Amino acid sequence: MTDAPRAPLPVWLAAAVLAGIAIPAQGRVNGALGLRVGDGLEAALASFSTGLVLLIGIALALPSGRAGLSEIVPSLRGGRVPWWYLGAGLFGALFVVAQTFTVGILGIAVFTIAAVTGQTISGLLVDRVGFAQGRRRPVTGIRLLATVLTLASVAYTVAPKLSVADPAALLAVIVLPAAAGFGQSFQSAMNGASARAYGSPLAATLMNFVSGIVGLALAWGVKLAASGPGRPLPGDFPGDWWYYTGGVLGVVFIGAAAVLVRHLGVLLTGLGMIGGQLLGSLALDAAAPVPGSVVALPTVVGTLATLGAMVVATLPWDRRQFRR
């Protein structure tokens with residue numbers, strides 16, 4: 001395989017930060033669409049559908065994509081991938097649903113920090129048990145300290161909202177993005193194992209979108225059966241094109257990660273993208289606030305503290321790991 005042109009390390013780190021900004025941007029788009037149509041599940045389905053259409057086009061156009069798709073059934077039949085790994089997209093669906101339902105209430109900064117907190121805790125668990133990775137990584141004192149710092153940062157960040165809203169209700173809302181973030185580590189581990197078996201991360205990503213759409217469609221069907229549409233179908237979807245870029249932003253984020261890992265490794269790529277998520281979410285709430293946004297000193301300090309905790313949790317303290 002031919003390597004891409006070499007570039008200084010700071011250039012690749014800057015690219016990782018820029019790629020991470022796609023996640024809070026996706027949250028703002030999906031949240032706005034959910035508020036506009038009045039149905040978070042419909043908005044999530046629209047987001048996943050645009051991403052799936054894009055992925056199908058890319059997979060069919062690229063030889064590596066077509067080869068990866070042809071390996072899905074043999075991998076499942078041969079036991080190289082457990083069949084239930086096909087459900088990894090359900091974690092992604094939960095994340096998009098959390099975006100559409102809570103970003104308008106919490107603001108994108110608090111949503112992102114809550115999701116990163118859940119992801120940090122589950123990352124410790126996934127590494128400890130070696131879920132879908134084939135090896136275990138010990139839970140060190142440094143990583144436990146980083147988790148505690150992250151939780152403390154989240155509590156400090158949401159302090160401004162506790163003064164303007166019912167604390168019990170707000171904490172109940174924060175549980176959803178935290179749970180969605182918790183599922184991200186499991187999704188990543190399952191996707192990594194599937195991508196190795198298929199020989200293509202593109203095929204694994206496409207199957208994520210398929211299972212995510214199936215899960216969202218079933219949830220929407222249950223909702224309709226239980227309470228009815230409440231308005232004429234389909235929903236009042238807006239004509240502005242940007243409302244439908246959420247799925248595309250998700251594909252961009254995943255594709256950029258696949259490229260950057262070759263140059264930075266998993267640890268530095270994850271650190272850069274988390275930095276982009278945190279800084280991008282704070283910038284969005286400051287420059288283009290929504291009614292639920294609160295940007296105060298605790299929000300800024302909590303965001304920076306959370307970023308610092310991510311450095312502690314993910315930076316390879318053994319310098320030999322940089323040369324791997």
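User: What percentage of the 324 residues in the chain do buried residues make up?

Analyst: Burial is judged by relative accessible area: under 20% is buried, over 50% is exposed, and in between is partly exposed, with a 1.4 Å probe and protein chains only. In this chain of 324 residues, buried residues make up 47%. Please note that this is a predicted model, in which local features need pLDDT of at least 70 and side-chain atom pairs count only at pLDDT 80 or more, while totals for chains, interfaces and linings use all residues. Residues are numbered from 1 along each chain as its sequence is written, and side-chain values use heavy atoms, with hydrogens and water left out.

User: How many helices and how many strands are there in the chain?

Analyst: Both are DSSP runs numbered from the N terminus: helices are H or I with at least four residues, and strands are E with at least two. The chain has 13 helices and zero strands. Along the sequence, the pattern reads α-α-α-α-α-α-α-α-α-α-α-α-α.

User: How do the axes of helix H3 and helix H11 cross?

Analyst: Two packed helices are described by the angle between their axes and the distance between the axes. The axes are lines fitted to C-alpha atoms, for helices over the stretch in contact, and the angles run from 0 to 180 degrees between N-to-C directions. For H3 (residues 40-61) and H11 (residues 201-227), the axes come within 9 Å and cross at roughly 155 degrees. Angles under 35 degrees count as roughly parallel, over 145 as roughly antiparallel, 65 to 115 as roughly perpendicular, and the rest as oblique. H3 and H11 are therefore roughly antiparallel to each other.

User: Is the crossing of H3 and H11 left-handed or right-handed?

Analyst: A crossing is left-handed if the near helix is turned anticlockwise from the far one by less than a right angle, and right-handed if clockwise. The crossing of H3 and H11 is left-handed. By class, 18 nonpolar, five polar and two charged residues make up the contact of H3 with H11. In this scheme Ala, Val, Leu, Ile, Met, Phe, Trp, Tyr, Cys and Pro count as nonpolar, Asp, Glu, Lys and Arg as charged, and the others, Gly among them, as polar.

User: At what angles do H2 and H3 cross, and H6 and H11?

Analyst: The axes of H2 (residues 22-37) and H3 come within 8 Å and cross at roughly 135 degrees; H2 and H3 are therefore oblique to each other. Their crossing is right-handed. The axes of H6 and H11 come within 7 Å and cross at roughly 60 degrees. H6 is thus oblique to H11, and H6 passes H11 in a right-handed crossing.

User: How many aromatic pairs does the structure hold?

Analyst: A pair of aromatic rings is described by the distance of the centres and the angle of the planes. Rings of Phe, Tyr and Trp (its six-membered ring) pair if their centres lie within 6.5 Å; planes under 30 degrees apart count as stacked, over 60 as edge-to-face, and the rest as tilted. The structure holds six such pairs. One of them is the tilted pair of Phe 48 and Phe 209, at 5.2 Å centre to centre with 45 degrees between the planes. Phe 48 lies in H3 and Phe 209 in H11, so this pair ties together parts that are 161 residues apart in sequence. Both Phe 48 and Phe 209 are buried.

User: How are the rings of Phe 182 and Phe 186 placed?

Analyst: Their centres are 5.7 Å apart and their planes stand at 40 degrees, so the pair is tilted. Phe 182 and Phe 186 are four residues apart in helix H10 (residues 167-198), and are separated by about one helical turn. Phe 182 is partly exposed, with a relative accessible area of 33%, whereas Phe 186 counts as buried at 15%. Together with Phe 91, Phe 182 and Phe 186 form one aromatic cluster.

User: Which residues have the most contacts inside the largest nonpolar core?

Analyst: A nonpolar core is a set of buried Ala, Val, Leu, Ile, Met, Phe, Trp, Tyr and Cys residues joined through side-chain atoms within 4.5 Å. The largest one has 32 residues, and those with the most contacts inside it are Phe 48, Leu 55, Phe 131, Tyr 198, Leu 206, Phe 209 and Leu 216. H3, H6 (89-106), H10 and H11 are the elements that give two or more residues to this core. Its largest share, eight residues, comes from H11.
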